[in-house]
Each structure stands twice: as structure tokens, then as C-alpha cells.
Amino acid sequence: MIYRRSIGAAALAAGLCMSIAAVAEDATKYPDWDGLWGRGSPVGAWDPAKPPGPRQEAPLTPEYQAVYQSNLAKSKTGTFFDIKATCGPVGMPRLMILYEPIEIVIKPRTTYMLAESMPPIRRIYSDRREWPKQEAESRRNFAGYSIGQWLDTDHDGTYDTLEVETRYMQGPRLFESTGIPLHEDNETIVKEKMYLEKADRNILRNEITTIDHALTKPWTVNRFYRRVASPIYDEYNCTEDNRWVSIGGKLYLLDAEGYVMPIQKDQPPPDPKYLQKYFAKTKP
């Protein structure tokens, strides 16, 4: 009996050692992306190859070109249209502008992108799973549902490229801060191709293609990120001490004493009716 137990224990130990060795071997197949990554491409334009604003020449349908023109007009009057203004999650693909740094953690089955804001985490599943066929709507979130595939493009035994497809996003979402819109049906599909720059291993390239019903054709842009040297992992809480406030669809700021102040020249004060629903009318 003791002999049989010894054999069983030895077999279990051998199995554990083989499992640990297999995990260690798997880890060597993946590229060194660990660490904190900050913006490389400018944040003001979705396509870094073109100037921001209308000169981005986004391939919008006539309907959504009109939405964009409306957003541009709203921006000039301080009218609320961007969820980011009040610290809301920007969602995909805008998340990959990297307003704040993102930490990347690669595991054999999942690659994690830990953002300091907007939203806090993105998971890219690389375990060969299928797209969820049931309760897809319940899986919607601003970052979407991402499935990735690792590729060894130079056949050296180590993965160097991650191809990702993201679906099931919820809105409202924009491409960037001037207001280039995505379709309200939230049927967006985002495809990414990420890889390290061969000449500089601290540069991460991301080729991003967005397929959306607000566009007349897929829109592909190329962005890049820089690895942060000696990173300090700080918490960025957008809502902490956030002084932006939307009243009646108009944006205002609160000063240090809590008084509402304008953000545009000659901006009118908020309509008093927005204070009368829950507060009793009082004489001055």
C-alpha cells in the first residue's frame, strides 16, 4: 500500500513539474509587451496622418456627416455631446488613443489591457473560443468583446503579432473629441493588428480598422504607443475633483467655491427651470 502511494505521489509530482514546465515554455512564445504604455500618436486626431477635425476626412455617410457637423456646432456653443466630458467611458476604438497609459499583461489565454481610465480593463481572449451565440446583448460594454490570435510572422518560434477583432460594443461612442460619430446601432466591428517596431522594441504599432454603418467604407488608421521607462503606476480617477457639469444639455464648470461658471465667451447662464423641479421656489 505504501509503495502504491509512493508511486501515486511521484506521478502527481511529475505531472505538476511537467505542467509548470509547459507554462514556462508557453511564456517564452510571447513577445515582451509587459509594462506601461503611453501615447505616441497625438490624441487630438483619430488618424495621425491627417490634421484633426474636418480635415480627418472621415468616410462618413451623408446622415452621419450631418451628425458630425452638428457636433462641431455644439462644441462651439458649449453644448454637451461627448460622454468623455463628464468622465464617461469612451469605449472602443477610441480607448486605443490612450488618453492615459495602459498596462499590458500577456497570459497564454488572455491579454489584459489595464487602463487608468475609460474603462478600467480590456480583455483580449486568445484561447480559440468562438463568438458568444447567446445573450450577446447582455455582453455589451463600452470596451466590447475581443478575440485575438497570436502570429509568428517571421517564423522564429516566438509570437510577434496580435490580431484582434472586437464586437458587442455599447454607446454612445465617438472616434475622438471633435465628435466624429459611430453609428447608434452599435454594430461596430474593430480589427487591430499590433506588433513591436523592429528598430525600436519600445514602440508598439497598432493598425486599427473600423467597420461601422456610419461609414461608407472601413476606416483604417495607424497609431503607435511608447513603452514608459521606469513606470509609476498611479490611479487616475477622472471623476475625482471633476468640475465639468452638464445642465440642460449645456456644459459649464464649477469654480473653487462651487459656483457655476461659463466655458464659452458670452455663454448664457443655465435656465432656472432646471433648478425648479426639485427645489422650492424662493424669493431672493
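Which residue in β9 does Thr210 stand opposite? Thr210 stands opposite Trp219 in β9, and the model in which this pairing is found is a predicted one. Local features are reported only at a pLDDT of at least 70 and side-chain atom pairs only at pLDDT 80 or more, while totals for chains, interfaces and linings use all residues. Residues are numbered from 1 along each chain as its sequence is written, and side-chain values use heavy atoms, with hydrogens and water left out.

**Confidence**

- The protein averages a pLDDT of 86, and 87% of the residues score at least 70, pLDDT being the predictor's confidence in each residue on a scale from 0 to 100.
- Over residues 16-24 the pLDDT stays under 50, and for this stretch the model has zero contacts beyond four places in sequence, where contact means heavy atoms within 4.5 Å.

**Strand pairing**

- Helices (H or I, at least four residues) and strands (E, at least two) are DSSP runs numbered from the N terminus, and two strands pair if DSSP finds at least two bridges between them.
- Strand β8 (residues 203-211) pairs with β9 in the antiparallel sense over eight bridges.
- Strand β9 (residues 219-227) is also joined to strand β1 (residues 35-39) by three bridges, the two running antiparallel, and here Trp37 stands opposite Arg227 in β9.
- An open sheet is formed by three strands in the order β10-β11-β12, with antiparallel pairing; its edge strands are β10 (244-247) and β12 (260-261), each of which pairs on one side only.
- Within this sheet, four bridges join β10 to the antiparallel strand β11 (residues 250-254), and Lys250 in β11 is the bridge partner of Ile247.

**Nonpolar cores**

- A nonpolar core is a set of buried Ala, Val, Leu, Ile, Met, Phe, Trp, Tyr and Cys residues joined through side-chain atoms within 4.5 Å, and buried means under 20% relative accessible area, exposed over 50% and partly exposed in between (1.4 Å probe, protein chains only).
- The largest nonpolar core has 39 residues, of which Trp33, Leu60, Met96, Ile104 and Trp219 touch the most other members.
- At least two residues of this core are supplied by each of α2 (62-77), β2 (102-106), β3 (110-115), β6, β7, β8 and β9.
- A second, separate core of five residues includes Trp131, Tyr145, Ile147 and Tyr168.
- Ile104, leaving aside neighbours within four places in sequence, is in contact with Trp33, Asp34, Gly35, Trp37, Thr111, Tyr112, Met113 and Leu204.

**Salt bridges**

- The structure holds seven salt bridges, each being a side-chain nitrogen of Lys or Arg within 4 Å of a carboxyl oxygen of Asp or Glu.
- One of them joins Glu192 to Arg122, with the closest N and O atoms 2.5 Å apart; this pair links distant parts of the chain, since Glu192 lies in strand β7 (residues 189-196) and Arg122 in strand β4 (residues 121-125), 70 residues apart.
- Both Glu192 and Arg122 are buried.
- Asp127 forms a salt bridge with Arg129, the closest N and O atoms being 2.9 Å apart; Asp127 is partly exposed at a relative accessible area of 31%, and Arg129 is partly exposed at 31% relative accessibility.
- Arg205 and Glu197 meet through their side chains in a salt bridge of 2.7 Å, N to O, with Arg205 partly exposed at 30% and Glu197 partly exposed at 24% relative accessibility.

**Two buried sites**

- Thr161 lies in strand β6 (residues 161-167) and counts as buried because its relative accessibility is 4%.
- The side chains of Thr161 and Asp160 are joined by a polar contact of 2.7 Å, a term that covers a pair of N or O atoms within 3.5 Å; within protein, one must be able to donate a hydrogen and the other to accept it, and residues adjacent in sequence count only if both atoms are side-chain atoms.
- Beyond its neighbours within four places in sequence, Thr161 is in contact with residues including Gln149, Trp150, Lys193 and Tyr195.
- Pro132 is found in the loop between β4 and β5 (145-151) and is buried, with a relative accessible area of 12%.
- Not counting residues up to four places away in sequence, Pro132 touches Arg139, Tyr145 and Tyr168; the C-alpha atoms of Pro132 and Tyr145, 13 residues apart along the chain, are separated by 9.3 Å.
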